[in-house]
Amino acid sequence: METLRDGLLVGMGNPLLDISAVVEKDLLAKYDMLPNNAILAEEKHMPIYQELIEKYQAEYIAGGSVQNSLRVAQWILQRPRTAVFFGCVGDDTYARILEQRATSSGVNVQYQQSLTKPTGTCAVLVTGTQRSLCANLAAANDFTLEHLQSDTNKEYLKQAQYFYVSGFFFTVSFESALAVAKDAAATDRMFMMNLSAPFVPQFYKSNLEEIFPFVDVLFGNETEAVTLSKEFNYGTEDLREIGKKLVSLPKQNSQKQRIVIITQGSDPVLLIENEISVREFPVQKLTTAEMVDTNGAGDAFVGGFLAQLLQGRVVDTCIECGIWAAREIIQRSGCTFEGKPAFSASK
């Protein structure tokens with residue numbers, strides 16, 4: 001059993017304040033958005049944030065994929081400051097809300113501050129149980145490698161044993177992600193990343209190719225995996241085959257075998273540990289009445305996984321806890337939780 005301590009895990013991502021509201025499908029069509037998708041805001045999307053606040057009962061929820069995962073991990077661990085988060089915010093009320101929410105969940109946030117841009121926001125359009133995300137990164141875009149090179153932050157990086165980065169972060173500071181990934185491989189520490197959204201393999205293929213040799217654990221959902229297969233010319237939409245190809249890609253640190261984890265909503269989670277075997281982990285389906293919204297389900301899955309990994313548990317338990325955490329989050333609005341976590345491993 002690994003002993004938990006301050007700064008065992010470092011995450012890097014885009015801290016965003018979610019502006020979440022239940023809307024009609026017409027609003028998705030109006031802004032050219034699709035259900036269960038994530039996009040970056042263009043000029044045409046900019047009015048959506050104000051529209052959600054003015055016309056719908058929008059909620060403000062601490063968001064950003066990696067920050068969500070760390071918040072969930074901290075909730076399950078019930079030991080504050082085990083995780084450190086890096087990202088960039090503005091100097092405004094939204095940043096203070098974000099910091100307060102993340103800190104109260106136990107995350108040690110080490111934000112860089114942009115003096116020229118507001119804190120990033122993410123419009124979360126909930127239609128039924130589906131959600132569509134539109135992120136306006138704003139200040140999150142201003143994150144720099146220099147921030148990681150301050151004495152304090154270098155110490156955080158040195159102390160960590162586990163690192164987690166989202167594909168979303170590639171749009172912001174790929175050089176920061178790559179620097180951390182290379183260092184983790186060189187020092188036999190664990191580097192994990194998430195494909196995050198279909199647009200990542202579509203538009204950041206060369207970044208993925210560059211970072212994959214340093215990735216020990218790769219997360220993705222079925223849509224992201226299929227998009228990646230298309231972009232990489234794998235010639236298959238079979239998730240098992242895609243996982244096997246990803247596992248067998250060249251790897252810098254041969255001490256650690258790469259694993260690939262593909263989630264597929266209420267269908268089984270796939271664990272690919274080598275080119276031969278693929279294992280399935282069943283997901284207990286929720287009734288429609290139990291489902292509030294799927295926003296944050298993928299983030300929660302990773303949070304549950306990380307919480308067990310940090311305690312030295314076997315990968316089966318990590319995945320079970322990921323499934324459990326995602327189920328918990330789906331039954332609430334946004335990536336939120338309360339009370340003591342009640343997860344218990346089957347073995």
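Lys-117 has a relative accessible area of 33% and is partly exposed in this predicted model. Its partner in a salt bridge is Asp-142. Because Asp-142 sits in the loop between β8 and α5 (145-148) and Lys-117 in the loop between β6 (108-113) and β7 (120-127), the pair ties together parts that are 25 residues apart in sequence.

A search of the whole structure finds 13 salt bridges. The table gives three of these pairs.

| Salt bridge | Closest N to O distance |
|---|---|
| Asp-142 and Lys-117 | 2.8 Å |
| Asp-316 and Arg-279 | 2.7 Å |

Asp-316 counts as buried at 10% relative accessibility, whereas Arg-279, at 30%, counts as partly exposed. Shared partners also join Lys-30, Glu-51 and Lys-55 into one network of salt bridges.

Helix α13 (residues 315-330) also meets helix α3 (residues 65-77): their axes come within 12 Å and cross at roughly 105 degrees. The two helices are therefore roughly perpendicular to each other. From α3, Val-72, Trp-75 and Ile-76 make the contact; from α13, Cys-321, Trp-324, Ala-325, Glu-328 and Ile-329 do. By class, this contact has 7 nonpolar, no polar and 1 charged residues.

Five strands form an open sheet with mixed pairing, in the order β3-β8-β7-β2-β4. Its edge strands, β3 (38-40) and β4 (59-63), each pair on one side only. The twist from one strand to the next averages 25 degrees. Strand β8 (residues 130-136) pairs with β3 in the parallel sense over 3 bridges, and Cys-134 in β8 stands opposite Ile-39.

Notes:
Residues are numbered from 1 along each chain as its sequence is written. This is a predicted model: local features need pLDDT of at least 70, side-chain atom pairs count only at pLDDT 80 or more; totals for chains, interfaces and linings use all residues. Side-chain values use heavy atoms; hydrogens and water are left out. Two strands pair if DSSP finds at least two bridges between them. Helices (H or I, at least four residues) and strands (E, at least two) are DSSP runs, numbered from the N terminus. Axes are lines fitted to C-alpha atoms, for helices over the stretch in contact, and angles run from 0 to 180 degrees between N-to-C directions. Angles under 35 degrees count as roughly parallel, over 145 as roughly antiparallel, 65 to 115 as roughly perpendicular and the rest as oblique. Contact means heavy atoms within 4.5 Å. Ala, Val, Leu, Ile, Met, Phe, Trp, Tyr, Cys and Pro count as nonpolar, Asp, Glu, Lys and Arg as charged, and the others, Gly among them, as polar. A salt bridge is a side-chain nitrogen of Lys or Arg within 4 Å of a carboxyl oxygen of Asp or Glu. Buried means under 20% relative accessible area, exposed over 50%, partly exposed in between (1.4 Å probe, protein chains only).
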